[in-house]
Amino acid sequence: MSDTQKILVVDDSEDHIMFTSQILEDNGFQYTVARNGSEALDALQKERPVLVLLDILMPGKSGLNVLKKMREDPDLNSIPVIVVSGSGEITGVDMKTGQEEASESYGDDVARTYGEFIHDKLEDFKPDAIIGKPVDPANLVAKINELLP
Amino acid sequence: MFKGDISKIKMTKDRRKIDQSSRVLEQELLGLIDTARLIHSSIHSLDKLMTLIVQKTTEILNVEACSAVMRDSEKKRLVFYALTGKKASVLSTFELAEDEGVVGWCITKKSTIVTNKVGDDPQFSQRADKMTGFVTRSILCVPLLVDDDCVGALEIINKKNKGGFNKRDVLLAEGIADQVAVAIQNVQLSQAALKAERRAAIGEAVSGVAHCLKNMLNGLQGGLYVLKSDVTKATGDVPDRGFEMLDRNMKRLMDLAQDMLSCSKDRKPEYELTDINEIPGSVVELMQQRAQEQGSELRFTPDESLDKITVDPKGIYRCILNLISNALDACKEKSGAVVNVSTGTVNTNEVVIRISDQGCGMDEATLNSIFEPFFSNKGPDGTGLGLSVTRKIVEEHNARIEVDSVVNEGTTFSIYLPGQ
């Protein structure tokens with residue numbers, strides 16, 4: 001991986017950004033950070049990262065929106081995405097928050113609970129890998145190495 | 001005396017008779033209304049209600065003694081629940097076999113029985129009279145029927161007037177019994193509803209706390225990683241001992257959060273066709289080291305002929321992990337104790353997973369509480385949720401879990417999963 005090739009870390013939690021940054025640094029990866037969906041879309045255009053670590057539940061534009069835009073854009077479609085998210089979002093369990101955001105972005109296409117909705121959408125948009133929080137550093141590094149071009 | 005006078009006297013006598021009869025009828029009616037009132041007023045305490053009903057019945061029917069006899073279906077005994085009469089206190093611990101005596105006959109046959117000469121009745125059991133010195137002359141027994149299930153009977157003893165029990169007494173007693181049965185059903189229903197409500201509330205609270213706990217643990221884990229990385233860079237050395245302690249306790253916290261989430265409703269089972277032997281197989285492999293460290297022996301005997309069945313493998317894994325972990329804990333104090341894990345089929349179509357240990361075993365009181373949330377005998381090592389989670393997952397599979405235990409000899413848990 002050359003100096004100009006960066007991994008984009010998208011997460012709204014400062015704690016998680018610090019944790020992930022440390023893992024990436026320790027393993028010799030370059031990275032850049034976006035703290036919400038809109039920042040992530042900007043960074044995708046400007047920085048052209050080689051891989052994205054994407055959180056799902058974020059204020060404003062969610063990770064799902066970012067993933068959807070990436071999958072629809074031929075220039076961004078080939079960038080590998082690892083969804084790094086809380087287990088509730090991934091397994092589709094009952095979650096009471098976020099319903100509004102989902103109905104705003106996806107109209108009637110909103111499942112019974114937001115957790116299930118995300119679960120279904122993740123199946124539609126097919127991220128290259130999904131890692132649940134808490135992140136196991138060794139697992140994350142292995143997945144990154146596997147997916148990097 | 002003149003003829004007219006005689007007829008006058010007769011008329012007065014008749015009127016007196018009618019007046020007396022209507023007074024009795026009025027008393028009985030008022031009594032019945034009273035019992036109805038009682039039943040609707042003290043719905044949450046069956047004990048109190050029964051005592052009052054039995055007292056009222058004694059009064060209305062004008063008898064020497066009355067008792068509510070309830071069936072204890074587990075012990076297969078009849079228990080005297082509430083009593084009136086001179087010998088009430090002596091009888092409060094008295095029990096009968098399920099079909100013993102006139103009351104046993106009434107409960108077994110689910111029908112009213114009247115005996116005005118108990119000496120002639122072959123069903124009459126003299127045990128109670130012999131014990132108390134009471135002399136029973138007549139008995140009226142009416143069954144307490146809840147949804148066609150006979151939960152007990154009202155046993156009414158010795159009508160005070162000479163004629164013994166008549167048809168009206170039977171009707172009255174049946175009227176009271178019907179109301180009592182409704183009250184019992186109401187109490188049972190309200191208790192079940194209360195329990196379900198309590199469970200749901202606990203589930204919601206537990207799941208909320210668990211989500212928060214998990215989020216904070218994510219942060220703690222990240223912080224620990226960053227700290228470890230910084231310390232290593234600064235000193236060129238990793239101070240393992242402290243980090244190991246932190247790691248170990250964070251893992252325990254994470255286990256607790258996971259148990260709490262699995263225990264509350266927030267878990268969606270994912271079913272797939274599974275080779276059931278693989279699950280206990282991998283748990284046994286995982287726990288082998290722990291078994292050796294504490295000097296126990298962990299064996300696995302799979303039934304290789306089992307067909308694949310549809311289960312939520314992660315859920316069943318969690319159940320087996322909990323049960324084997326408990327079995328090893330139970331064997332800690334007994335050097336060389338064996339934990340046997342096996343699979344097999346029973347009743348032609350059921351798959352059974354058995355975890356049997358030679359550990360400390362459990363007494364009856366413990367056995368009655370093990371599936372309750374937050375019950376634990378393990379002190380700081382237990383979350384009190386393991387078996388609660390296990391039962392929940394088993395129930396999600398329409399399966400059942402059974403436990404046999406003998407103090408100081410060991411415990412066997414069996415999970416019966418429906419086959420294909």
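This is a predicted model: local features need pLDDT of at least 70, side-chain atom pairs count only at pLDDT 80 or more; totals for chains, interfaces and linings use all residues.
Residues are numbered from 1 along each chain as its sequence is written, with chains lettered from A and ligands numbered from 1 in the order in which they are written.

View 1. Strands here are DSSP runs of E with at least two residues, helices are runs of H or I with at least four, and both are numbered from the N terminus. On one side, β11(B) pairs with β10 (residues 338-346) in the antiparallel sense over 8 bridges; two strands count as paired if DSSP finds at least two bridges between them. B:Val352 is the bridge partner of B:Gly344. β10(B) and β11(B) make a hairpin with 3 residues between them, and B:Asn347 in the turn has a positive phi of about 45 degrees. β11(B) also pairs with β13 (residues 410-418) of chain B, again antiparallel and over 8 bridges, and here B:Ile355 stands opposite B:Phe413.

**View 2. The open sheet of chain B.** Now take in the whole sheet: 5 strands in the order β8-β10-β11-β13-β12, with mixed pairing. β8 (297-301) and β12 of chain B stand at the edges with a single partner strand each, so one side of each has no neighbour in the sheet. From one strand to the next, the twist averages 15 degrees. β8(B) and β10(B) pair in the parallel sense over 5 bridges, with B:Val339 as the bridge partner of B:Leu298. Helix α9(B) lies across β10, β11 and β13 of chain B and runs at about 25 degrees to β11(B); axes are lines fitted to C-alpha atoms, for helices over the stretch in contact, and angles run from 0 to 180 degrees between N-to-C directions.

**View 3. Helix α11 of chain B and its cover.** In this helix (residues 386-396), B:Gly386, B:Leu387, B:Ser388, B:Val389, B:Thr390, B:Lys392 and B:Ile393 are buried. A residue is buried if 20 or more other C-beta atoms, placed from the backbone, lie within 10 Å of its own, exposed if 12 or fewer do, and partly exposed in between. The cover over these residues includes α7 (240-263), α9 (313-331) and β12 (400-406) of chain B. After α11(B) comes B:Asn398, whose phi is positive, near 50 degrees.

**View 4. The largest nonpolar core.** This core has 45 residues, and those with the most contacts inside it are B:Cys141, B:Ala153, B:Leu154, B:Ala173 and B:Val180. Such a core is a set of buried Ala, Val, Leu, Ile, Met, Phe, Trp, Tyr and Cys residues joined through C-beta atoms within 7 Å. Among the elements giving two or more residues are β5 (139-146), β6 (149-159) and α6 (167-235) of chain B. α6(B) gives the most, with 8 residues. Leaving aside neighbours within four places in sequence, B:Cys141 is in contact with B:Val102, B:Val103, B:Cys106, B:Thr112, B:Ile113, B:Ala153 and B:Glu155; contact requires C-beta atoms, placed from the backbone, to lie within 7 Å.

**View 5. Helix α1 of chain A against helix α6 of chain B.** The axes of α1(A) (residues 14-26) and α6(B) come within 9 Å and cross at roughly 35 degrees. From α1(A), the residues that meet α6(B) are A:Asp15, A:His16, A:Met18, A:Phe19, A:Gln22, A:Ile23 and A:Asp26. They face B:Asn218, B:Gly219, B:Gly222, B:Tyr225, B:Val226 and B:Ser229.

View 6. A:Arg48 is partly exposed, with 14 other C-beta atoms within 10 Å. B:Asp147 is exposed, with 8 other C-beta atoms within 10 Å.

Methods
Two residues are in contact if their C-beta atoms, placed from the backbone, lie within 7 Å.
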